[in-house]
Each structure stands twice: as structure tokens, then as C-alpha cells.
Amino acid sequence: MKAFYRIFLLLIFVFLLYEVNAQFIRGAIIGGLNVSQVDGDEVYGFKRLGLNIGAAAILPFNDKWSISIENSYSQEGSYQAPQYPNDSLTGEYDLRLNYVKVPLMLHYNDKDRITFGLGASIGRLVGVEEYEHGKKVTTTTLSNGPYSSWDYSGIADLRFRLYQKLYMNIRYSYSLVSIRERDFYNKNGEFLRTRDQRNNVLSLRLIYIFNDKSKTAKDQRNENNRPQ
């Protein structure tokens, strides 16, 4: 928990440090959806649908470069529909991992058309439920594991303007370290393999930047038509 609190203290410090220049800080609210899977669980496909909501502070260095820090709630996990509905071992699998995440990003703005971002996030697991063959796995809990309480992910994203201060954001994140190590067995109980598991998440989000000072398409046209 100490690392989690330090991130929030860092966020508060950034706001205090730039308080006298608050006009340069851009606030944003974020809302969208995740489609996710967990690599290494032997369930394939981005089939777990979840929310991705939060807020951000954006600190521009100039017209091209900026950094941002977010505080977001992210629903992730894995899902597989029943494969053998007439068997007691149906093959159904449902994993729900809920995180509070703090991504830190570096952004490059290409002529106010599209913004590229790279960064990393730290996430605290705040909710977990796991179901196998339609039955809840009672040993999977926040306090007892087996999933790590923390997720450390690398992030890449694109952001482009939809209308005035409203942007579309496409984000990809992947766990840099394992969130669980799991042994797999066949139906006869014979050991097969051990695999590390990692979150693999695609996000589609809308971002509204309150005090966005980027040039709109109209501003750009007026600037291009201005006499030299």
C-alpha cells in the first residue's frame, strides 16, 4: 500500500507545485470501455468487457510535448463461454479483476491532429471474482490471492479530436510483471505446465479536456489564411 499512497501524494505535490501557474494545467474527465484477456490463463480472445473511467491532469511543456497523470477505475479480466454444456466440466471461465490505476504518460502532439502517448501505470487490485465451470472459486480473494495486489503495466495510446474539447482515445496496456503464476493439469489430474499470467487490455475512451488550448480546425484555417 505504501507505493500506492506515494503516487497520490505525488499527484497532490504536482498540483501544489504548479498552483501559481494553474492556467497551464489542463483537467480532463475520461469514460470508456475495456476489452481484455489474461495472457497465460489458456483462455483466448478479448472477451471480458469492462468500464474504464477516471480523471487526469495534463501538464504541457510546449505545443508539442506534455505529460499527464490519471486516476482511473479499470475493469479487466478474462471470459470463456461454456464449451461443454452437458458436462460437469463445462469449460466456462469468468475472471473479473477491478483496479484503481495511476498511469503516468508522455505525449507528443502532431499539429493538433493526433497525439501519441507512451507511459506506464501502477494499479491496485480492489476487487476480484473467479468462476470455473460455472462455480465460484472461493479461494480467490483480495486478501488470500492468488492474484497479485499490484499490476505494473506499459501503455501506448492515440488521441484525436472529435469536436472542440472532446477527444477519442485508443489505448493498449500490457502487464510488465506477472499478476499470477498458475499450474495447469489435464482432466486426469496430471500436471501439464506452469504459466505466468499478465493483463492484456484494449481501451476505447472519450476524453473531455476542460481548459484545452489546442488549436481547433477553424483556428488552424484562420492561421493559414492570415496574410504573411
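Reader: Hi! What helices and strands does the protein have?
Author: Hello! This predicted model has two helices and ten strands. Along the sequence they follow the pattern α-β-β-β-β-β-β-β-β-β-β-α.

Reader: Nice. And how many of the residues are buried, as a percentage?
Author: Buried residues account for 39% of the 228 in the protein.

Reader: On to pockets. How much space lies in the largest pocket?
Author: About 630 Å³. Its lining is made of 19 residues.

Reader: Which of them lie nearest the centre?
Author: Those are Glu42, Gly91, His133, Phe184 and Tyr185.

Reader: And which strand gives the most to that lining?
Author: Strand E9, residues 180-185, with four residues.

Reader: Changing topic: which residues make the nonpolar surface patch?
Author: Leu33, Val35, Phe46, Leu49, Leu51, Ile53, Tyr172 and Leu202 form that patch, and its area is about 640 Å². Strand E1 (26-39) and strand E2 (48-60) are the elements that each give two or more residues to the patch.

Reader: Which gives the most?
Author: E2 does, with three residues.

Reader: One last thing, about Leu33. Where does Leu33 lie, and why does Leu33 count as partly exposed?
Author: Leu33 lies in strand E1. Leu33 counts as partly exposed because its relative accessibility is 42%, and that class falls between the buried cut-off, under 20%, and the exposed one, over 50%.

Technical notes: Residues are numbered from 1 along each chain as its sequence is written. This is a predicted model: local features need pLDDT of at least 70, side-chain atom pairs count only at pLDDT 80 or more; totals for chains, interfaces and linings use all residues. Side-chain values use heavy atoms; hydrogens and water are left out. On a 1 Å grid over the protein atoms alone, a cavity is a set of points where a 1.4 Å probe fits but cannot get out, and a pocket is an open set with protein on both sides within 12 Å along at least five of seven lines; lining residues have an atom within 4 Å of a point. Grid points are joined across faces, edges and corners, and a volume is the space filled by probe spheres set on the points. Patches are made of residues with over 30% relative accessible area and no salt bridge: like charges are joined within 9 Å, nonpolar side chains (Val, Leu, Ile, Met, Phe, Trp, Tyr) within 5 Å. Accessible areas come from the Shrake-Rupley method with a 1.4 Å probe; for residues, only the protein chains shown count as cover. A salt bridge is a side-chain nitrogen of Lys or Arg within 4 Å of a carboxyl oxygen of Asp or Glu. Buried means under 20% relative accessible area, exposed over 50%, partly exposed in between (1.4 Å probe, protein chains only).
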